[in-house]
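Trainee: Could you take me through the salt bridges of this model, and tell me which residues take part and how exposed they are?

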Amino acid sequence: MPSLNVTFTDEEMEGVRAAAAAEGKSLKQYMHDLGVREMHRKRFVAGATAWADRLREEFDEAFPDEVPPSQRGRGASAAS
């Protein structure tokens with residue numbers, strides 16, 4: 001089974017140990033789960049983005065008065 005050696009500063013290691021203890025996990029299990037969790041998070045975000053992109057045109061047609069955040073003004077004029 002593949003493994004990985006990771007180098008941390010003393011301060012970083014202290015933080016990682018504390019985080020693992022807070023979750024009631026061994027350091028090894030915590031680091032494993034952290035990587036897997038990040039992989040799942042990225043997969044979820046990619047899926048959510050693709051879903052939003054597929055529905056954007058339908059949403060824009062259903063709600064023509066809604067202005068996307070990227071096209072909104074700033075300050076007091078944005079509230080009107």
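Mentor: Happy to! Let's start with Arg56, which is partly exposed at 43% relative accessibility; here buried means under 20% relative accessible area, exposed over 50%, and partly exposed in between (1.4 Å probe, protein chains only). Asp53 and Arg56 lie three residues apart in helix α2, so about one helical turn separates them. Elsewhere, salt bridges with shared partners connect Glu23, Lys25, Asp33 and Arg37 in one network.

A word on the ground rules: this is a predicted model, where local features need pLDDT of at least 70, side-chain atom pairs count only at pLDDT 80 or more, and totals for chains, interfaces and linings use all residues. Residues are numbered from 1 along each chain as its sequence is written, and side-chain values use heavy atoms, leaving out hydrogens and water.

Now back to that network. Glu23 meets Lys25 in a salt bridge at 3.3 Å, N to O, and Lys25 is partly exposed at 26% relative accessibility. Glu23 also meets Arg37, at 4.0 Å from N to O. This pair links distant parts of the chain, 14 residues apart: Glu23 sits in the loop between α1 (10–22) and α2 (27–62), Arg37 in helix α2 (helices are DSSP runs of H or I, at least four residues, numbered from the N terminus). Glu23 is partly exposed at 39% relative accessibility, and Arg37 is partly exposed at 38%. The count comes to five salt bridges.

Conventions: A salt bridge is a side-chain nitrogen of Lys or Arg within 4 Å of a carboxyl oxygen of Asp or Glu. Helices (H or I, at least four residues) and strands (E, at least two) are DSSP runs, numbered from the N terminus.
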